[in-house]
Amino acid sequence: MSKEQAAPRETAKQYLQRNNLHLLFEHMAYKVLSERPEDPNRAIFDYIGAKIGVDTKAIKSKPAEAPSHKVVFIIGGPGSGKGTQCEKLGTDGYCTYVSTGDLLRREQELDTPEGKQIKEIMKSGQLVPKAMVLKVLKGWIAKQPKGTTILLDGFPREMGQALSFETDIQPCDFAICFNCPDDVLEKRLLQRAATSGRADDNLATIKNRLKVFHDETAPAIEYYKALNKLHEIDANRDIAMIYEDLKKLFVKEEAPASAKAPEAAAGQEEEEL
Ligand code: AP5
């Protein structure tokens with residue numbers, strides 16, 4: 001057995017304690033809360049700089065750029081109706097939307113090693129690696145006209161995605177979470193399995209998708225709740241009732257956006273055939 005295998009990995013708590021990081025975080029929070037600086041990120045940067053002996057005062061901050069889009073995340077378990085409701089919002093001109101699942105399904109059709117990897121992962125119900133998801137998402141967002149309200153169906157699925165999107169792209173305006181019991185979701189997806197042709201609409205994979213949702217996505221939901229950016233929707237109701245609640249969160253675009261970006265819409269047509 002190699003040395004690496006023999007040594008058990010320390011827990012997150014042990015790591016924080018060994019490096020005294022809990023104290024560092026406490027001090028930073030205390031400093032920011034007591035001084036209430038105009039730019040808290042900069043204050044934290046200067047604080048860390050002082051700790052490691054870097055003169056951060058000489059490093060100029062880039063002026064903040066205005067976000068180019070309004071971004072709304074739609075989060076919810078598999079079968080909670082994310083796609084159904086996003087399509088309605090898009091058709092009625094509230095937003096332009098894309099499903100990360102649809103984008104990835106298109107990628108998996110490409111005859112590339114990445115495409116093959118994505119296909120296997122989606123078939124199992126696991127999450128596609130963050131870097132791949134962000135790459136396709138970034139590409140899609142870059143094609144949307146500035147100022148558009150974009151709705152991302154099925155993103156983020158875990159904290160890493162939430163944080164990377166925030167730092168690499170922009171913070172979201174708000175997130176919506178569709179709540180629905182697992183047994184209802186399972187029933188809906190098994191019903192859909194008869195016609196969807198989706199490799200992940202089978203009982204074993206549905207159960208895995210639900211597990212992944214509870215294990216991986218739940219912390220991201222808590223994150224938006226803590227930021228006061230989360231709207232929770234009871235998705236165990238009639239489609240029309242859910243839509244009535246959802247519409248209240250949006251303002252119609254002045255010039256109604258096309259419901260779905262052309263390439264994502266094409267993916268959907270293929271699925272519906
Ligand atoms: P994705 O394609 O996004 O699938 P999902 O999240 O599992 O969700 P679904 O599309 O199955 O359901 P939905 O919530 O959109 O519900 P729908 O409206 O279709 O993702 C698939 C895979 O891709 C993931 O497992 C992962 O591998 C990968 N992936 C995707 N995004 C990723 C990311 N960000 N990071 C990493 N990996 C990612 O409705 C379902 C059914 O219910 C339909 O038949 C519908 O008619 C019916 N229905 C809808 N609403 C109601 C209602 N209110 N009452 C009764 N029936 C309803």
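Trainee: Which residues have the most contacts inside the largest nonpolar core?

Mentor: In soluble globular proteins, nonpolar side chains tend to be buried together. A nonpolar core here is a set of buried Ala, Val, Leu, Ile, Met, Phe, Trp, Tyr and Cys residues joined through side-chain atoms within 4.5 Å. Buried means under 20% relative accessible area, with a 1.4 Å probe and protein chains only. The largest core has 30 residues. Those with the most contacts inside it are Phe-73, Val-128, Leu-137, Leu-152, Phe-155, Phe-165 and Tyr-224. This is a predicted model: local features need pLDDT of at least 70, side-chain atom pairs count only at pLDDT 80 or more, and totals for chains, interfaces and linings use all residues. Residues are numbered from 1 along each chain as its sequence is written, and side-chain values use heavy atoms, without hydrogens and water.

Trainee: Which element gives the largest share of this core?

Mentor: Helices (H or I, at least four residues) and strands (E, at least two) are DSSP runs, numbered from the N terminus. H8 gives the largest share, 7 residues. Among the elements that each supply at least two are strand S1 (70–76), helix H8 (130–142) and helix H9 (159–168).

Trainee: What does Phe-155 touch?

Mentor: Contact means heavy atoms within 4.5 Å. Leaving out residues up to four places away in sequence, Phe-155 touches residues including Phe-73, Val-133, Leu-137 and Phe-165. Ile-74 is also on that list. Ile-74 belongs to a second, separate core of 22 residues, along with Cys-86, Phe-174 and Cys-180.

Trainee: How many residues of the protein are buried, as a percentage?

Mentor: Buried residues make up 40% of the 273. The protein has 13 helices and 5 strands.

Notes
Buried < 20%, exposed > 50% of the residue type's maximum accessible area, 1.4 Å probe, protein only.
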